[in-house]
Amino acid sequence: MPARSFRIMNVVGARPNMMKMAPLFREMMSASFLDPVLVHTGQHYDYDLSQVFFEQLRMPQPDYNLEVGSGTHHSQTAAVMERFGNLVRESRPDLIVVVGDVNSTMACALVGAKELIPVAHVEAGLRSFDRTMPEEVNRVVTDAVSELLFTTEESAAENLEREGISREKVHFVGNLMIDSLVQALDTARASALKARMGLEPKKYVVLTLHRPANVDDPERLARTLTAISEIARDFPVVFPVHPRTKAKIAASGFEGAREWRSGMTGAGILTIPPASYLDFIGLVDDAALVITDSGGLQEETSYLGVDCLTFRENTERPVTVLQGTNRLVGTDPDALLREARAVLYDGRPSRNGQHVPPRFWDGQAAGRIVGVLHNYLLGQASEGCASHQDLR
Ligand code: UD1
């Protein structure tokens, strides 16, 4: 066992980071050669988008909260860089770990590169090849400056190789999001939300929409929701609404959604506040269909075997289409309605091939990552440290 602990600075910023970081952080806490520290940038700050995930995913409270809050992409990125930069200069960690593709991910990776502290990127190499998505820019930049690139699916290594990133830096470890899902599934299945809403298994739809391309244009958003109203005549469509979408629906003039309240039954588009992790997974697991523009949900439905229509032109997660239950339907509301009807009325599944859970989506990704960190950190130490004998 090594004589010293390596200080690892782990970063979360926005909701989808939480389910990736939680299992990894716990695994790090049980590894005696690591001294993990948790930093929350504060990109997401509402209880529903942040604190509830710490509680349900059994993640300790962050050691530091940078409280950057909302803003334009550049002002938010700059605020994270400035505050995280100060923290890193003071505490000089041995490694920085960032997850996913949000603005906080890229900002903290850049700080690591500038401060000459190695960066590990979890969920590296995913590409939509669509640079109009802010996340795509974040992915490319983060991968370019990372020393360790942990991938969730095999397509990622090819993308990284095409960008000139050495294969030696790339480690195929599987999907931390599925680690969280595996650990939470039994509890999530017992969530009371479905019963409270009077939903019958496989007789309702779950909808999430939050990408700027889908929600920022009010006329387009209203057309999309009008199309979805057609299936909502027969199937309740449960719609946990992200704050940015909520504001856009109000601006779009669409009035066909009802805010769900206790005791309310029947079909229609039923909006609820952003759901907690356990309530949400419980909802998705029993849904007849999921309609989404989220990245993570394409993975979760693929693992659970739930039909999923992705309302986007592209996906950075092609394995969910090849082996999972995900179908890309593009961004035409009429096409979405056609495909949704095919699943719900004609019983035609959304999957395009055989449903085979992707390799290493097995709940063990965190252990694999810590194994790689062990070899990497001890290798670095024996190269750079005079007293490396201590570390053997
Ligand atoms: C961010 C990520 C996106 C991820 C999503 C998950 C980037 C570029 N985008 O998008 O990849 O899929 O999180 O939710 O990093 N707001 C609140 N409360 C909060 C946080 C935000 O009300 O706690 C509102 C604010 O009006 C804010 C807006 O939501 O301006 C957008 O927040 P932001 O963090 O910029 O991006 P998201 O749309 O949440």
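Strand E9 is joined by four bridges to strand E11 (residues 269-272), and the two run parallel. The structure is a predicted model, with a mean pLDDT of 94 for the protein chain. Strands E9 and E11 belong to an open sheet of seven strands; another open sheet, also of seven strands, runs in the order E3-E2-E1-E4-E5-E6-E7. The largest pocket holds about 1100 Å³ of space.

**Confidence**

- In the protein chain, 97% of the residues reach a pLDDT of 70 or more.

- Strand E10 (257-259) and strand E14 (326-328) form the edges, each pairing on one side only.
- On average, neighbouring strands of this sheet are turned by 25° against each other, direction ignored.
- Strand E8 (residues 205-208) runs parallel to E9 and is joined to E9 by two bridges.
- Val237 in E9 is the bridge partner of Val205.
- On the E11 side, Val238 has Leu270 as its bridge partner.
- Strand E12 (residues 289-292) pairs with strand E13 (residues 308-310) over three bridges, in the parallel sense.
- Thr292 has Thr310 of E13 as its bridge partner.

**Side chains of E9**

- Side chains in a regular strand alternate between the two faces of the sheet.
- From strand E9 (residues 237-240), Val237 and Phe239 point one way, whereas Val238 and Pro240 point the other way.
- Val237, Val238, Phe239 and Pro240 are all buried.

**Helices on this sheet**

- Helix H12 (residues 277-285) lies across E8, E9, E11 and E12, and runs at about 130° to E8.
- H12 is largely enclosed by the rest of the structure, because eight of its nine residues are buried.
- The buried residues of H12 are Tyr277, Leu278, Phe280, Ile281, Gly282, Leu283, Val284 and Asp285.
- Helix H15 (residues 333-344) also packs on the sheet, where it touches E8, E12, E13 and E14.
- The direction of H15 makes about 165° with that of E12.

**The sheet that holds E5**

- In the order E3-E2-E1-E4-E5-E6-E7, the strands pair in the parallel sense.
- Strand E3 (64-65) and strand E7 (170-172) are at the edges with a single partner strand each, so one side of each has no neighbour in the sheet.
- E5 pairs with strand E6 (residues 148-151) over three bridges, in the parallel sense.
- Leu149 in E6 is the bridge partner of His121.

**Largest pocket**

- Rolling a probe the size of a water molecule over the atoms shows where empty space is left.
- The largest pocket has a space of about 1100 Å³.
- Its lining has 49 residues, and Arg15, Pro16, His44, His210 and His242 are the closest to its centre.
- Two or more lining residues come from each of helix H1 (15-29), helix H3 (73-91), helix H5 (134-145), helix H11 (243-252), H12 and helix H13 (296-304).
- With five residues, H1 gives the most to this lining.

**Met18 in helix H1**

- Met18 is placed in helix H1.
- The relative accessible area of Met18 is 0%; because the cut-off for buried is under 20%, Met18 counts as buried.
- Leaving aside neighbours within four places in sequence, Met18 is in contact with Val12, His40, Leu49, Ser50, Phe53, Phe54, Leu57 and Met59.
- Met18 and Phe53 lie 35 residues apart in sequence, and their C-alpha atoms are 6.5 Å apart in space.

**Positive phi values**

- Most residues other than glycine have a negative phi.
- Glu123, a residue other than glycine, has a positive phi near 85°.
- Glu123 sits in the loop between strand E5 (119-122) and H5, and is buried at a relative accessible area of 4%.
- Lys202, also a residue other than glycine, has a positive phi near 65°.
- Lys202 is in the loop between helix H8 (193-196) and E8, and is partly exposed at 44% relative accessibility.

Key
Residues are numbered from 1 along each chain as its sequence is written. This is a predicted model: local features need pLDDT of at least 70, side-chain atom pairs count only at pLDDT 80 or more; totals for chains, interfaces and linings use all residues. Side-chain values use heavy atoms; hydrogens and water are left out. pLDDT is the predictor's confidence in each residue, from 0 to 100. Buried means under 20% relative accessible area, exposed over 50%, partly exposed in between (1.4 Å probe, protein chains only). Two strands pair if DSSP finds at least two bridges between them. Axes are lines fitted to C-alpha atoms, for helices over the stretch in contact, and angles run from 0 to 180 degrees between N-to-C directions. Contact means heavy atoms within 4.5 Å. On a 1 Å grid over the protein atoms alone, a cavity is a set of points where a 1.4 Å probe fits but cannot get out, and a pocket is an open set with protein on both sides within 12 Å along at least five of seven lines; lining residues have an atom within 4 Å of a point. Grid points are joined across faces, edges and corners, and a volume is the space filled by probe spheres set on the points.
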